[in-house]
Every structure is written in C-alpha cells, then in structure tokens.
Amino acid sequence: MPQITVDYSANLESSFDRRGFALALHPLIVETIDTELDACKTRFRRVDETVVAGGTPDDAVIHIGIALLPGRAPELKAQLSEVVLDLLAGHLKPAEGVVPVVSTEVRDLEASYRKR
C-alpha cells in the first residue's frame, strides 16, 4: 500500500530530484499516516507535453497521486497533501523561465485492490 504516482513535465527532467524526493517521501508518509515503510512504492511518469490554460510552451506540471487503503479521515489526507507539497519544494531546483504548477491528491484505493 501506498501507491504513489508522480507525473512531471519533461522540461523538469534536470531540475527535479526524483529519487531524492521519493526517498524522503516514503518516511514522511509513514510518519503522517502510520503505515509500514516497505509498503511505499513510487513510480514517476514523464509527460512530454503539458498545457496550462493561458500559459506558455515552457509551462510545467507536477502532480503527485497517493492512493491508500480506505479508512483515513479526510483531514489526515489533506494534511498529507500539504506536507507532500512542502517536501516537493526542497527537491525541485529553479529552472529559468519555468514555473511549475504543483498539486497532490490523496485518495482511497478501490475495493478491488490486491497486492502480491
């Protein structure tokens, strides 16, 4: 369990410390929602093109999705979203002319979720 997916714009390739972010994210999740460290898994998906309404071709996006087993309070999920965004800031170097739009969503896994 936690299933973590990070979508990021290709123009952030050299400024986003993905591995460092994931290694810092996992213990943060454990501390925030009381889960096991070895249960955390993160995958990164580079997005070749992103378009922000009213933006420019240099716009960038990072979206972090965290899916958990059901049962956490909405307030705890919101708290996790906030601390994840705070953590992200420390793993994203400024890139000239690029101001990324960053977001996170914490949601419940579907009842059909299985792990082996």
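**Salt bridges across the chain**

By salt bridge I mean a side-chain nitrogen of Lys or Arg within 4 Å of a carboxyl oxygen of Asp or Glu. Glu13 sits in the loop between strand 1 and helix 1 (18-33), while Arg46 belongs to strand 2, so this pair ties together parts that are 33 residues apart in sequence. Helices (H or I, at least four residues) and strands (E, at least two) are DSSP runs, numbered from the N terminus.

A quick word on the model: it is predicted, so local features need pLDDT of at least 70 and side-chain atom pairs count only at pLDDT 80 or more, whereas totals for chains, interfaces and linings use all residues. Residues are numbered from 1 along each chain as its sequence is written, and side-chain values use heavy atoms, with hydrogens and water left out.

Back to our pair. Glu13 is partly exposed at 32% relative accessibility, and Arg46 is partly exposed too, at 46%. Here buried means under 20% relative accessible area, exposed means over 50%, and partly exposed is in between (1.4 Å probe, protein chains only).

How many salt bridges does the structure hold? There are 5. One of them joins Asp7 to Arg45, with the closest N and O atoms 2.7 Å apart. Asp7 is in strand 1 (residues 3-9) and Arg45 in strand 2 (residues 41-47), so the pair ties together parts 38 residues apart in sequence. Asp7 has 21% relative accessibility and counts as partly exposed; Arg45, at 40%, is also partly exposed.

Next, please find Asp108, which forms a salt bridge with Lys77 at 2.8 Å between the closest N and O atoms. This one links distant parts of the chain, with Asp108 in strand 4 (residues 100-108) and Lys77 in helix 2 (residues 74-89), 31 residues apart. Is Lys77 buried or exposed? Lys77 counts as buried, at 15% relative accessibility, while Asp108 is partly exposed at 28%.

Last stop: Leu92, in the loop between helix 2 and strand 4. Leaving aside residues up to four places away in sequence, Leu92 touches Leu12, Ser15, Phe16, Ile62 and Pro100, where contact means heavy atoms within 4.5 Å. Leu92 and Glu110 are 18 residues apart in sequence, and their C-alpha atoms are 31 Å apart in space.

Thanks, and I'm happy to take questions!
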